[in-house]
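My notes follow in the order I worked.

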Amino acid sequence: MALKHLSSSNFLKYFSSIRNKKFLKIKESNKLSYRCSHFTYVPDTVSSTDGETARMNLFQSVTNAMDIALGTDPSAVIFGEDVAFGGVFRCTVGLQDKYGRDRVFNSPLCEQGIVGFGVGLAIAGATPIAEIQFADYIFPAFDQIVNEASKLRFRSGNEFNCGGLTIRAPYGAVGHGALYHSQSPEAFFAHIPGVKVVIPRGPLQAKGLLLSCIRDKNPCIFFEPKILYRMAVEQVPLKDYTLPLSKAEILTEGDDVTVIGWGTQVHVLREVCQLAQDKLNVSCELIDLVTILPWDKETVINSVKKTGRVLVAHEAPLTGGFGAEIAATIQNECFLNLEAPIQRVTGHDAPFSHVFEPFYIPSKWRCFDAVKKLINF
C-alpha cells in the first residue's frame, strides 16, 4: 500500500517531469569523467620482446592471468562469493565454463571461511586463489591471515606451509564507494611477517604480478585498485609471463624530489610531477613501490640520497599508514641527505567519506602543495 501511494505521489510525478531535462543528461554523460576526475590514466607500453598482445582493461588482464594459472597448474582452484558467474567486477567471467565447477566455485558468504579453506587447500599442496569481494570485508578473515597463513611455516619448523595461497581483493577509492567500499587496508597487512602484499597500477602489471603471486611460495595478498578495473586499458601480452615481486619501479627519473606511491595514486603523482616541472621547474623522480611487503628499500634509499627531498602519498589514513614506515626508514638511512622534512599526503584520520571524497583523497593539488613545501623549506 505504501509503495502504491508513493508511486502516485507528487514527488515522483515531479521527478519524472524533470528526469529528461538537459542538465540531467549532461550530468549522466559526465558521470565517468567526474568519478575519475582526480587523475588521468596513463597506460604503460609493452616491450616488443613480449610477443603478441591484446587490448585489455585491468579486470580482463586479471581474468587472463587466472586463466593461465588454471591452465598450467591442475591443482589451482578459484573460489569466493559469486565467482562462479564472474563476480561483482567480472574478474572470473567464463572460467567456470572453461574449467568446471570443481575448480571455479562459489563459497558461502563468510570471509573467515574463504581464507581458512584456502589455508587448508594450500597445506594439502593445492594452489588456491581466494577472492574477497571487497578489501573492506577482509577483516573477518584477519585471524586466519595473521595467525594461520602467515605463521604456519615458522610455527611448524617448515614441516608445513601454505605458500601456495593467493588472496585477491578489489581495493581503494572508486568515486562513489563511501566508507564501506573505498578503504585501503594495506598497512594492516604490512605488519605481518610471512605474507606478501602487492598492488598493481594497471593491466600490464596486474597480469604479471598476479601470476607471480600465484606461483610464489609464500602467501600473497593482491589488492586490485577497483577504480582502474574498466578505465585502465593497455596492450597486454597474451603469453604466460611474470613480473618480479618486491621490486619498485622508477617511472620518471628526476633530481629534485623523490615521489613515492602505489596503485591508483601513481597516476595522481604522474600529474604532480608534470605540474612541478611545468610550474616550478622542479624535476621529480616518481617511484611505484609495487610491493608493500617486503618493500624495495634499496631503490627508495638510492633515490632519496640523490634528491634529498621526499613525498609519499597514499589513500589510506595518515596515522599508521605505510607512508610512516617509508618515512622512518628514510630518516634512519638518509638523514644526512635530507634537505627538508619528509612530506606525507594521505587520506584523513576519519572514515572514508562519500560526498566529501574529493577532500578526503590525496589529490594532485594536495600533493603539489607538498612539493612546494619541500622546495621552499
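**Salt bridges**

I counted the salt bridges and got 15 in the structure. The criterion is a side-chain nitrogen of Lys or Arg within 4 Å of a carboxyl oxygen of Asp or Glu. This is a predicted model, so I note the limits: local features need pLDDT of at least 70, side-chain atom pairs count only at pLDDT 80 or more, and totals for chains, interfaces and linings use all residues. Residues are numbered from 1 along each chain as its sequence is written, and side-chain values use heavy atoms, with hydrogens and water left out.

I took Lys 196 and Asp 216 to begin with. Their closest N and O atoms lie 3.0 Å apart. The pair links distant parts of the chain, 20 residues apart: Lys 196 sits in strand 6 (residues 196-198), and Asp 216 in the loop between helix 11 and strand 7 (220-225). Helices (H or I, at least four residues) and strands (E, at least two) are DSSP runs, numbered from the N terminus. Lys 196 and Asp 216 are both buried. Buried means under 20% relative accessible area, exposed over 50%, and partly exposed in between (1.4 Å probe, protein chains only).

Next I checked Glu 249 with Arg 201, where the closest N and O atoms are 3.1 Å apart. Here 48 residues separate the partners: Glu 249 is in strand 9 (residues 249-252), Arg 201 in the loop between strand 6 and helix 11. Glu 249 is partly exposed because its relative accessible area is 34%. Arg 201 has 2% relative accessibility, so it counts as buried.

Then I looked at Asp 240 and Arg 215, with closest N and O atoms 2.7 Å apart. Asp 240 lies in the loop between strand 8 (233-237) and strand 9, Arg 215 in helix 11, and they are 25 residues apart. Asp 240 is partly exposed at 37%. Arg 215 is partly exposed too, at 35%.

I also traced shared partners. Salt bridges join Asp 44, Arg 201, Glu 249, Arg 270 and Asp 288 into one network.

**Helix packing**

How do helix 5 and helix 11 lie relative to each other, parallel or antiparallel? I found an angle of about 30 degrees between helix 5 (residues 58-72) and helix 11 (residues 203-215), with axes 8 Å apart. Axes are lines fitted to C-alpha atoms over the stretch in contact, and angles run from 0 to 180 degrees between N-to-C directions. The two helices are therefore roughly parallel, a label for angles under 35 degrees.

**Backbone**

I found a cis peptide bond from Leu 293 to Pro 294, with omega near -10 degrees. Pro 294 is in the loop between strand 12 (291-293) and helix 14 (297-307).

Asp 82 has phi near 70 degrees. Asp 82 is in the loop between strand 2 (76-80) and helix 6 (95-99). Its relative accessibility is 29%, so Asp 82 counts as partly exposed. Val 290 also has a positive phi, about 70 degrees. Val 290 sits in the loop between strand 11 (284-288) and strand 12. At 2% relative accessibility, Val 290 is buried.

**Surface**

Last, I looked for a nonpolar patch. Tyr 137, Leu 179 and Tyr 180 form one, with about 300 Å² of accessible area together. Patch residues have over 30% relative accessible area and no salt bridge, and nonpolar side chains (Val, Leu, Ile, Met, Phe, Trp, Tyr) are joined within 5 Å. Areas come from the Shrake-Rupley method with a 1.4 Å probe. Leu 179 is in the loop between strand 5 (166-171) and helix 10 (186-189). Leu 179 is partly exposed, at 39%.

Note on methods: Patch = residues over 30% accessible without salt bridge, like charges linked within 9 Å, V, L, I, M, F, W, Y side chains within 5 Å. Parallel < 35°, antiparallel > 145°, perpendicular 65-115°, else oblique.
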